[in-house]
Amino acid sequence: MGQILVLNENRLEREITKSILAEGLESPEIVLAPAEEPAMKLLRKGSVDLLIADVPKFDLRRCDMMAQARQVSPDTPVLVTSSGIRADIAPHVWRLGLQDYLLKPCRPAWLRALKRDVRTAPDGREDQRRERYLKLLAEQMRAFCYKKCTEIAKDYLDSLHKEIHNESVIRFQVLRFAGGLVQMGDPLGSKVQMRLAGILERFRLRFGQQVQKYGAYLVLEKMLNVIFDVFDEDRSYQISSWQKVLNYIDRNIREGISLDQAADYANMSSYYFSRFLKKITGVNFITYVTDCKIAVAREMLENTDMPVISIACELSYNEANYLSKVFKRKMGMTPTEYWELRCGAAACAKT
């Protein structure tokens, strides 16, 4: 690998950061810079894999320095450490396009986790994959299609877990993908920015969830819901009535949404709404909702260790037996049989 560059004006803090990062690494890989000028010289050489910059306050000089670092070495992730207030730091970090931030005092485990991610950072192909999926996501977001957005997020995680077997690489890419979602929320205002940044902040600290495909998907789905809340509430977004209705149903699949609730949202009678939905989707309301629920149940069976009774509760079914009946009618087998066929066989293949 190249170098981890630590920029910090405080000598003692520089040495402490180096000692934390040096665990399991050769010392030449960590370079300390007491000031901006030597740090910029190293960045210009193009051998820095990660810049950890301590920023006591985001004044004009330091903001200019961070912006210059991004211009000089755009592919180098920049992690900011600061003892400031989260509400003051987060907007600066995402506005400047920096990788992330840690509030001091930082736990050593957090820095070590970042070190592992950088050490196993993927090549440009993984960055291209992530950017390709983010571009597709942005296109569907501009079309206000919630379901397509969630499908793209799932497809990205599926491809990542299928082709990558290194947890640190998966963690690195998933966090950057989530960071891309935060950036998509920039035009939607500071409140949305802060909500997305808060979700990412909590996600970033949950190392186990980052490498669990379904757990990571739930976080991405939560971020998408924050963005689509704005689309739904702000009438300045020109969304067709049928797309708004589909988004409403798709976003409430787990909540046990009823025909009457959906019809009331669409400001239609239940009879007229049922005909309206069938014209759009080709199926009636019950079939559409059931198909969506079964798709979610399959995701849970394949990617979590949740028992069938918990999955039924998650999907607002009153009884696990009812989920089993519906699942068997759609899939030709019970949830347990599906798990044994799809997941049990995969588990045996790994051992």
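**Cavities, sheet and helices of the predicted model**

The largest share of the lining of the largest cavity, four residues, comes from helix α3. A cavity is a set of points on a 1 Å grid over the protein atoms alone where a 1.4 Å probe fits but cannot get out, and its lining residues have an atom within 4 Å of a point. Helices (H or I, at least four residues) and strands (E, at least two) are DSSP runs, numbered from the N terminus. The structure is a predicted model, in which local features need pLDDT of at least 70, side-chain atom pairs count only at pLDDT 80 or more, and totals for chains, interfaces and linings use all residues. Residues are numbered from 1 along each chain as its sequence is written, and side-chain values use heavy atoms, without hydrogens and water.

The largest cavity holds about 110 Å³ of space, a volume being the space filled by probe spheres set on the grid points, which are joined across faces, edges and corners. Of its 14 lining residues, L7, E9, E36, D54 and R62 are the closest to the centre. Two or more lining residues come from each of β3 and α3.

Five strands form an open sheet with parallel pairing, in the order β2-β1-β3-β4-β5; strands pair if DSSP finds at least two bridges between them. Strands β2 (30-33) and β5 (100-103) are the edges, each pairing on one side only. Four bridges join β4 (residues 78-82) to β5, and S82 stands opposite L103 in β5.

Technical notes. On a 1 Å grid over the protein atoms alone, a cavity is a set of points where a 1.4 Å probe fits but cannot get out, and a pocket is an open set with protein on both sides within 12 Å along at least five of seven lines; lining residues have an atom within 4 Å of a point.
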